[in-house]
Amino acid sequence: MNIKKYLLNEKVIISLFSVLISLVIAAIVMIVIGKNPLVAYAALFYGAFGTKEAIIDNIMKASPLILTGLAVGFGFRAGLFNIGANGQVIIGALLSAYVGTLVGAYPFFLSIPLVMIAGMLGGAAWAAIAGWLKAYRGAHEVITTIMLNYVATFIANYVVNGPFQAPGGVPKSPSIAYSAQFPNIMSVGATSLSTIIFVSLAAIVVIYVIIQRTTIGYEVKAVGFNPYAAEYGGISIGKNVVLAMAISGALAGLAGTTQVVGVYGRYFGALSGSMGFDGITIALIGQNDPIGIALAAFLISSIRTGSNQMQIAGVPKDLVVIIQGIIIFLVAANRIIKTIRIRKRKEAEA
Amino acid sequence: MNEWIQAILNVFTNPTFYKSTLTQSTPLILAAMGGVFSETTGVTNIALEGIMLMGAFGGVMGSYFTGNPWYGLALGTFFGLAMAALHAWASIKYGADQIISGTALILLAQGITGFALVELFGQPGSTDLVRSIPLVDLGSFKDVPFFGQIFGNLSPFVYMAFASVIFGWILIYKTKLGLRMRSVGNNPEAADTLGINVYNVRYFGVIMSGLFAALGGAYLSIGELGQFTTNMTNGRGFIALAAMIIGNWNPVGAMSASLLFGGATAFNNQLQSQSVLNLSTNTQYIFGMIPYIITLIVVAGFIGKSRAPSADGIPYIKE
């Protein structure tokens, strides 16, 4: 592989420019409200990397985001926009928590794979509904996955307020078996670094291999690139759309599992927050490349972790959501950046 | 079984259910109408949710600073138009992926409203109470049994919503501009050949969607409540999008689907308060998911068949 070509192609430049421009626009917003952007960004940086707790918090935030980023990115590879990672996280977490409460009698080397498989199957099945509806009923996956997000949220709220509620009236599930919980690597105060980060790192490798080295990856990419040509070449569009959604959903479901087995030790209902939408940002910044996605996940987790410190410095932390919005907008309209660059080049030549 | 029949009868004979259906449907109808305008010209607009949020926030902001809720409505509308213009600019001029651009705008709206909320009102969560748009008081009509209780004291937004349906239907199906909108949405190449400016017609469609979606959002904040709360649209933009699809991209169809969704919500709320049933609180979640499941079934073509404009979502690049 040509390293220079890998590091400095058009796509990477678009991502970097998008991130830079969004940070500059955010800085302008800060100046408008009378705050010093340098101070705010320094606070952000300190909040993300300044202390041991911050770094642990950062890694723990990045772990599920790598998985939802990979989930959305894998969908993009197949030409599918999986906007439903949130729902898949919710269902994956629910199933793994349920299995987690049943495996108390098993040793960890059985119970841990079981909860992980349950989470992946849950997410995969939830996403495969949208894949099937797209492949065989012609329903656009954006609409179906959004609807499935809401259905998942209602299911989650129902179970933690009813059949899967721990005694005590609080909307949460019983705690999962000890043997199903991932051990911590280290703890500083109340923050713990869980081994779930290794699940995310392994997923990067697995997805990289699937995309680059397997028939599944080749067929999925072919369908995403040009479905008609792929079908002409003997690749089934329908099968691969369902399969791609299922793999994408399995990754999102696994993100849900990591929160149950590595962070909370139980199920809290629809608490997936913005993981699914963050996954979209991350896949776009990472240009659907597994390594790019890992880096983008750490960028977003750093901004999110640091935002609390920035808020203490007087800049509302919602600014990071604005930054994310601008990044996505610029990646979507990448011709804006291309136009700016061409204009600059022309000026330089003139 | 008997108590269920009793409870359902109670709900359907109570004017509150019908009034609540109207008020629940109003923001959906307005936003769905926005969706119809945009997608008829061939530009997908999943940013409705974000535009509504900006409309809601602008409404409260304008009312707060001027003391006049009508100025609030103007500011909310302006915010919505600005968001839509951004979407139009990226997706028409720069051929951006319209779904991704829409996603970006939803995030932007959440970020901007959350940021401005803390900056202007000093706390996250909710704004101060502001003056809301006064209700339309029909005077002595209020005393008419049943109907008076439904229609006697409605927000002007409710009337606006139904007026927008008539306006949209006439514009799209009975005017020259409407014919151009439909042709640009179905076959931009042919429209271009006939001398229609595809870009301008699409700009018009997307910007109209900003206007209507912002009105729908403003209803939520200054329609009755007089307050903005974080993420108060709560997915209504997506429901409006679903209503537009179920309604087959047609103003009257979108209105009917919005009424169905609004009615389902109203029914759910009323059913919860029926003491004969003595429902446990978690049943609201089971009933709550029904509109979304209906949407899935309809989108999958199991009931009826909805068809998008042929060029919906595809950027048009002039050769």
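**Exercise 1. Which radius of gyration would a compact globule with the 319 residues of chain B have, and what does chain B have?**

Solution. Start with the rule: 2.2 Å times the number of residues to the power 0.38. For 319 residues, it puts a compact globule near 20 Å. Now take the value for chain B in this predicted model. Chain B has 20 Å, so the two agree. Next, look at the extents. The C-alpha trace of chain B spans about 65 × 50 × 40 Å along its principal axes. Then check burial: 50% of the 319 residues count as buried. Finish with contacts in chain B between residues at least 6 apart in sequence: 76% of them join residues at least 24 apart. The elements of chain B are 14 helices and two strands.

**Exercise 2. Work out how β1(A) and β2(A) are arranged.**

Solution. Locate the strands: β1 covers residues 184-188 of chain A, and β2 covers residues 191-194. They pair in the antiparallel sense, over four bridges. One bridge joins V188(A) to T191(A) in β2(A). Two residues lie between the strands, and the unit is a hairpin. In the turn, G189(A) has a positive phi of about 60 degrees.

Definitions and conventions
Residues numbered from 1 in each chain as written. Chains lettered and ligands numbered in written order. Predicted model: local features only at pLDDT ≥ 70, side-chain atom pairs only at ≥ 80, totals over all residues. Pairing = 2+ DSSP bridges. Buried ≥ 20, exposed ≤ 12 C-beta atoms within 10 Å, placed from the backbone. Contact = placed C-beta atoms within 7 Å.
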